[in-house]
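Here is a short note for a colleague opening this model for the first time. Please keep the structure in view while reading the points.

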Amino acid sequence: MQGSGLAKRTAADSVRITNPGGKGRLVLTCDHASNVLPPEFGTLGLPATALQRHIAWDPGALPVARYMAQALDAVLVETRLSRLLLDCNRPLDAPDLIPPVSETTVIPGNAGLSAAEREARVARCWQPFHEAVEAVMEERLAAGHETWLVSVHSFTPVYKDVRRPWQIGIIHDDDTRLASPLIAALKTRRELSVGVNEPYSPADRVYFTLERHARARGMPCAMIEIRNDEIAGEAGQKKWGAMLSDIFRQLDPAQLPKPPPLHPARSIEGSI
(Lines give C-alpha, C1' and ligand atoms only; values in the text may rest on other atoms or scores of the structure.)
Protein backbone atom coordinates (compact mmCIF):
# COMPACT_ATOMS: atom_id res chain seq x y z
CA MET A 1 0.00 0.00 0.00
CA GLN A 2 2.81 2.38 0.87
CA GLY A 3 4.49 1.78 -2.48
CA SER A 4 1.21 2.32 -4.31
CA GLY A 5 0.70 5.63 -2.52
CA LEU A 6 4.18 6.76 -3.48
CA ALA A 7 3.53 5.86 -7.11
CA LYS A 8 0.31 7.89 -7.10
CA ARG A 9 2.05 10.90 -5.53
CA THR A 10 4.87 10.67 -8.06
CA ALA A 11 2.40 10.51 -10.93
CA ALA A 12 0.53 13.53 -9.55
CA ASP A 13 3.83 15.42 -9.38
CA SER A 14 4.52 14.54 -13.02
CA VAL A 15 1.25 15.11 -14.90
CA ARG A 16 -2.00 17.03 -14.48
CA ILE A 17 -5.31 16.47 -16.25
CA THR A 18 -7.60 19.51 -16.37
CA ASN A 19 -11.30 19.18 -17.19
CA PRO A 20 -11.17 15.38 -17.61
CA GLY A 21 -14.89 15.25 -18.37
CA GLY A 22 -14.72 17.89 -21.10
CA LYS A 23 -17.36 17.41 -23.78
CA GLY A 24 -15.62 19.38 -26.53
CA ARG A 25 -13.88 17.64 -29.41
CA LEU A 26 -10.38 18.65 -28.42
CA VAL A 27 -7.95 16.86 -26.19
CA LEU A 28 -5.03 19.23 -25.66
CA THR A 29 -1.55 18.28 -24.55
CA CYS A 30 1.13 20.62 -23.29
CA ASP A 31 4.19 18.37 -23.40
CA HIS A 32 6.67 21.02 -22.17
CA ALA A 33 4.43 22.92 -19.76
CA SER A 34 6.75 23.19 -16.75
CA ASN A 35 10.29 24.19 -15.84
CA VAL A 36 10.14 22.49 -12.42
CA LEU A 37 12.97 20.26 -11.25
CA PRO A 38 12.34 18.18 -8.11
CA PRO A 39 14.70 19.10 -5.24
CA GLU A 40 16.70 15.89 -5.51
CA PHE A 41 17.90 16.94 -8.98
CA GLY A 42 19.00 20.41 -7.95
CA THR A 43 19.49 22.43 -11.14
CA LEU A 44 21.17 19.58 -13.05
CA GLY A 45 24.39 21.57 -12.74
CA LEU A 46 22.97 24.59 -14.57
CA PRO A 47 22.70 28.15 -13.26
CA ALA A 48 19.23 28.84 -11.92
CA THR A 49 18.66 31.40 -14.68
CA ALA A 50 18.83 28.60 -17.26
CA LEU A 51 15.57 27.20 -15.92
CA GLN A 52 13.76 30.30 -17.17
CA ARG A 53 14.96 29.75 -20.73
CA HIS A 54 13.27 27.77 -23.49
CA ILE A 55 15.68 24.89 -22.93
CA ALA A 56 13.76 24.05 -19.74
CA TRP A 57 10.17 24.40 -21.00
CA ASP A 58 7.86 26.09 -23.52
CA PRO A 59 7.25 29.53 -21.99
CA GLY A 60 3.67 30.76 -22.41
CA ALA A 61 2.33 27.54 -23.90
CA LEU A 62 0.46 26.35 -20.81
CA PRO A 63 -1.60 29.54 -20.29
CA VAL A 64 -2.66 29.42 -23.95
CA ALA A 65 -3.62 25.75 -23.62
CA ARG A 66 -5.56 26.47 -20.43
CA TYR A 67 -7.46 29.29 -22.12
CA MET A 68 -8.37 26.98 -24.98
CA ALA A 69 -9.42 24.19 -22.62
CA GLN A 70 -11.80 26.53 -20.83
CA ALA A 71 -13.15 28.16 -23.98
CA LEU A 72 -13.72 24.87 -25.82
CA ASP A 73 -14.61 22.56 -22.89
CA ALA A 74 -11.52 20.56 -23.82
CA VAL A 75 -9.49 18.09 -21.80
CA LEU A 76 -5.92 19.26 -21.12
CA VAL A 77 -3.04 16.94 -20.20
CA GLU A 78 0.11 18.76 -19.11
CA THR A 79 3.55 17.77 -17.91
CA ARG A 80 4.60 19.12 -14.50
CA LEU A 81 8.36 18.56 -14.72
CA SER A 82 11.00 20.18 -16.90
CA ARG A 83 11.97 18.65 -20.22
CA LEU A 84 15.57 18.99 -19.03
CA LEU A 85 14.90 15.85 -16.97
CA LEU A 86 13.30 14.03 -19.90
CA ASP A 87 11.45 15.10 -23.03
CA CYS A 88 8.00 13.50 -22.98
CA ASN A 89 7.50 14.30 -26.67
CA ARG A 90 10.14 11.75 -27.69
CA PRO A 91 10.10 7.98 -28.15
CA LEU A 92 12.07 5.95 -25.64
CA ASP A 93 14.83 5.27 -28.16
CA ALA A 94 15.38 8.95 -29.09
CA PRO A 95 18.95 10.18 -28.54
CA ASP A 96 17.58 13.40 -27.01
CA LEU A 97 15.07 11.72 -24.69
CA ILE A 98 17.30 12.84 -21.80
CA PRO A 99 19.22 15.61 -23.54
CA PRO A 100 22.93 15.92 -22.80
CA VAL A 101 22.87 19.25 -24.66
CA SER A 102 19.94 21.59 -25.31
CA GLU A 103 20.55 24.02 -28.16
CA THR A 104 24.16 24.88 -27.23
CA THR A 105 23.88 24.41 -23.45
CA VAL A 106 25.56 21.38 -21.91
CA ILE A 107 23.48 19.81 -19.11
CA PRO A 108 25.94 18.34 -16.60
CA GLY A 109 23.30 16.48 -14.62
CA ASN A 110 22.34 14.44 -17.69
CA ALA A 111 25.85 13.14 -18.39
CA GLY A 112 26.88 9.58 -17.68
CA LEU A 113 23.54 8.32 -16.37
CA SER A 114 23.33 4.66 -15.51
CA ALA A 115 20.61 2.43 -16.97
CA ALA A 116 18.86 2.49 -13.58
CA GLU A 117 18.92 6.29 -13.47
CA ARG A 118 17.48 6.51 -16.96
CA GLU A 119 14.77 4.00 -16.08
CA ALA A 120 13.90 6.06 -13.01
CA ARG A 121 13.48 9.19 -15.14
CA VAL A 122 11.22 7.33 -17.55
CA ALA A 123 9.10 6.12 -14.64
CA ARG A 124 9.00 9.59 -13.07
CA CYS A 125 8.31 11.73 -16.15
CA TRP A 126 7.47 9.86 -19.36
CA GLN A 127 5.35 6.96 -18.22
CA PRO A 128 2.82 8.98 -16.17
CA PHE A 129 2.31 11.50 -18.98
CA HIS A 130 1.73 8.95 -21.72
CA GLU A 131 -0.39 6.75 -19.52
CA ALA A 132 -2.55 9.79 -18.72
CA VAL A 133 -3.00 10.69 -22.40
CA GLU A 134 -3.71 7.04 -23.20
CA ALA A 135 -6.35 6.83 -20.48
CA VAL A 136 -8.09 9.99 -21.69
CA MET A 137 -8.17 8.77 -25.29
CA GLU A 138 -9.45 5.30 -24.36
CA GLU A 139 -12.16 6.73 -22.11
CA ARG A 140 -13.38 9.02 -24.86
CA LEU A 141 -13.33 6.20 -27.41
CA ALA A 142 -15.36 4.00 -25.08
CA ALA A 143 -17.88 6.81 -24.58
CA GLY A 144 -18.12 7.51 -28.32
CA HIS A 145 -16.84 11.10 -28.04
CA GLU A 146 -15.44 12.59 -31.23
CA THR A 147 -11.83 13.47 -30.45
CA TRP A 148 -9.17 15.66 -32.05
CA LEU A 149 -5.74 15.68 -30.42
CA VAL A 150 -3.82 18.97 -30.49
CA SER A 151 -0.50 19.69 -28.80
CA VAL A 152 0.39 23.25 -27.82
CA HIS A 153 4.03 24.36 -27.79
CA SER A 154 6.12 27.52 -28.02
CA PHE A 155 9.46 28.18 -29.70
CA THR A 156 12.27 30.64 -29.15
CA PRO A 157 12.62 33.57 -31.62
CA VAL A 158 16.33 32.83 -32.14
CA TYR A 159 17.79 29.33 -32.22
CA LYS A 160 21.51 28.74 -32.68
CA ASP A 161 21.84 32.36 -33.84
CA VAL A 162 19.18 31.93 -36.54
CA ARG A 163 16.12 34.18 -36.36
CA ARG A 164 12.71 32.63 -36.84
CA PRO A 165 10.22 34.98 -38.53
CA TRP A 166 7.05 32.96 -37.97
CA GLN A 167 4.70 34.01 -35.21
CA ILE A 168 2.99 30.64 -35.29
CA GLY A 169 3.71 27.33 -36.94
CA ILE A 170 1.38 24.42 -37.62
CA ILE A 171 3.13 21.05 -37.67
CA HIS A 172 1.61 18.02 -39.39
CA ASP A 173 2.40 14.80 -41.20
CA ASP A 174 0.30 13.34 -44.01
CA ASP A 175 -2.85 13.75 -41.89
CA THR A 176 -3.78 17.36 -42.71
CA ARG A 177 -7.43 17.21 -41.63
CA LEU A 178 -6.85 19.76 -38.86
CA ALA A 179 -3.67 21.39 -40.12
CA SER A 180 -5.06 22.51 -43.48
CA PRO A 181 -8.09 24.43 -42.14
CA LEU A 182 -6.00 25.81 -39.27
CA ILE A 183 -3.36 27.13 -41.65
CA ALA A 184 -6.00 28.54 -44.00
CA ALA A 185 -7.78 30.35 -41.17
CA LEU A 186 -4.55 31.77 -39.76
CA LYS A 187 -3.43 32.99 -43.18
CA THR A 188 -6.61 35.06 -43.55
CA ARG A 189 -5.07 37.24 -40.83
CA ARG A 190 -2.66 39.03 -43.09
CA GLU A 191 -0.69 40.54 -40.23
CA LEU A 192 0.50 37.06 -39.21
CA SER A 193 3.56 35.18 -40.41
CA VAL A 194 2.42 31.54 -40.44
CA GLY A 195 4.87 28.65 -40.74
CA VAL A 196 3.87 25.32 -42.26
CA ASN A 197 6.02 22.60 -40.68
CA GLU A 198 8.13 25.43 -39.31
CA PRO A 199 10.17 25.85 -37.19
CA TYR A 200 9.97 22.05 -36.87
CA SER A 201 8.48 19.16 -38.78
CA PRO A 202 7.80 15.51 -37.92
CA ALA A 203 11.19 14.72 -39.49
CA ASP A 204 12.72 16.45 -36.45
CA ARG A 205 11.20 13.76 -34.18
CA VAL A 206 8.89 16.27 -32.49
CA TYR A 207 5.62 14.52 -33.36
CA PHE A 208 5.76 11.52 -31.06
CA THR A 209 2.82 12.30 -28.75
CA LEU A 210 0.53 12.79 -31.73
CA GLU A 211 1.86 9.72 -33.54
CA ARG A 212 1.40 7.54 -30.49
CA HIS A 213 -2.02 8.65 -29.32
CA ALA A 214 -3.84 10.06 -32.37
CA ARG A 215 -2.34 8.79 -35.62
CA ALA A 216 -2.38 5.21 -34.40
CA ARG A 217 -6.13 5.57 -33.78
CA GLY A 218 -6.97 7.45 -36.97
CA MET A 219 -7.91 10.56 -35.00
CA PRO A 220 -7.36 14.06 -36.45
CA CYS A 221 -4.38 15.82 -34.90
CA ALA A 222 -2.03 18.77 -35.27
CA MET A 223 0.76 20.50 -33.41
CA ILE A 224 0.72 24.24 -32.68
CA GLU A 225 3.97 26.16 -32.14
CA ILE A 226 3.72 29.82 -31.06
CA ARG A 227 6.81 32.03 -30.93
CA ASN A 228 7.32 32.62 -27.25
CA ASP A 229 7.78 36.39 -27.40
CA GLU A 230 4.17 36.52 -28.63
CA ILE A 231 2.91 34.86 -25.44
CA ALA A 232 5.34 36.17 -22.84
CA GLY A 233 2.59 38.06 -21.02
CA GLU A 234 -1.06 37.62 -20.14
CA ALA A 235 -2.35 39.84 -22.95
CA GLY A 236 -0.58 37.81 -25.63
CA GLN A 237 -1.61 34.54 -24.06
CA LYS A 238 -5.27 35.57 -24.05
CA LYS A 239 -5.03 36.93 -27.61
CA TRP A 240 -3.65 33.68 -29.01
CA GLY A 241 -5.87 31.51 -26.84
CA ALA A 242 -8.96 33.36 -28.05
CA MET A 243 -7.86 33.37 -31.71
CA LEU A 244 -7.16 29.65 -31.77
CA SER A 245 -10.33 28.84 -29.85
CA ASP A 246 -12.39 30.82 -32.37
CA ILE A 247 -10.81 28.93 -35.27
CA PHE A 248 -11.44 25.52 -33.72
CA ARG A 249 -14.98 26.50 -32.78
CA GLN A 250 -15.75 27.18 -36.43
CA LEU A 251 -14.28 23.95 -37.84
CA ASP A 252 -17.00 21.67 -39.19
CA PRO A 253 -16.19 17.96 -38.70
CA ALA A 254 -18.34 17.11 -41.71
CA GLN A 255 -16.04 19.15 -43.96
CA LEU A 256 -12.77 17.57 -42.86
CA PRO A 257 -11.02 15.50 -45.55
CA LYS A 258 -11.00 11.72 -45.34
CA PRO A 259 -8.34 10.32 -43.00
CA PRO A 260 -5.05 8.91 -44.35
CA PRO A 261 -3.93 5.38 -43.44
CA LEU A 262 -3.30 4.64 -39.78
CA HIS A 263 0.15 5.45 -38.42
CA PRO A 264 1.80 2.50 -36.66
CA ALA A 265 1.90 3.05 -32.90
CA ARG A 266 5.09 2.89 -30.94
CA SER A 267 4.56 0.86 -27.76
CA ILE A 268 4.87 2.65 -24.44
CA GLU A 269 5.95 -0.59 -22.86
CA GLY A 270 9.54 -1.59 -22.23
CA SER A 271 12.65 0.34 -21.39
CA ILE A 272 15.34 2.41 -23.03
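1. Start at one pair of residues. Threonine 29 has valine 77, in β3, as its bridge partner. The model is predicted, so local features are taken only where pLDDT is at least 70. Strand β2 covers residues 26-30 and is joined to β3 by four bridges. These two strands run parallel.

2. Now widen the view to the sheet. Seven strands form an open sheet with mixed pairing. Their order is β1-β3-β2-β6-β11-β9-β10. At the edges sit β1 (15-18) and β10 (194-196), each pairing on one side only. From one strand to the next, the twist averages 20 degrees.

3. Two helices on the sheet deserve a look. Helix α3 packs on the sheet and touches β1, β2, β3 and β6 (148-155). The direction of α3 makes about 170 degrees with that of β3. Helix α4 (residues 179-187) also packs on the sheet. The strands touched by α4 are β9 (168-171), β10 and β11. Between the directions of α4 and β9 the angle is about 160 degrees.

4. Which residues of the largest nonpolar core touch the most other members? They are Val77, Leu84, Leu86, Leu97, Trp126 and Leu149, in a core of 40 residues. At least two residues each come from β3 (75-79), α3 (115-143), α5 (208-213) and β11 (221-227). Helix α3 gives the largest share, eight residues. There is also a second, separate core of 37 residues. Among its members are Leu26, Val64, Ile183 and Ala185.

5. Is histidine 213 buried or exposed? Its relative accessibility is 0%, so histidine 213 counts as buried. The side chain of histidine 213 makes a polar contact of 3.0 Å with that of glutamate 134. Leaving aside residues up to four places away in sequence, histidine 213 touches His130, Val133, Glu134, Met137, Leu149 and Met219.

6. Glutamate 134 has a charged partner too. It forms a salt bridge with arginine 217, with the closest N and O atoms 2.9 Å apart. Arginine 217 lies in the loop between α5 and β11, and glutamate 134 in helix α3, so the pair ties together parts 83 residues apart in sequence. Side chains of opposite charge can pair when their charged atoms come close. In total, the structure holds 19 salt bridges.

7. The loop between α5 and β11 also contains arginine 215. The side chain of arginine 215 meets that of aspartate 173 in a salt bridge of 2.8 Å, N to O. Aspartate 173 is in the loop between β9 and α4, and the two residues are 42 residues apart. Both aspartate 173 and arginine 215 are buried.

8. Compare that pair with aspartate 229 and arginine 227. They form a salt bridge, and their closest N and O atoms are 2.7 Å apart. Aspartate 229 counts as partly exposed because its relative accessibility is 42%. Arginine 227 has 13% relative accessibility, so it counts as buried.

Methods: Residues numbered from 1 in each chain as written. Predicted model: local features only at pLDDT ≥ 70, side-chain atom pairs only at ≥ 80, totals over all residues. Heavy atoms only, no water. Core = buried A, V, L, I, M, F, W, Y, C linked by side-chain atoms within 4.5 Å. Buried < 20%, exposed > 50% of the residue type's maximum accessible area, 1.4 Å probe, protein only. Pairing = 2+ DSSP bridges. Axes fitted to C-alpha atoms, helices over the stretch in contact; angles between N-to-C directions. Contact = heavy atoms within 4.5 Å. Polar contact = N/O pair within 3.5 Å; in protein donor to acceptor, adjacent residues only side chain to side chain. Salt bridge = Lys/Arg side-chain N within 4 Å of Asp/Glu carboxyl O.
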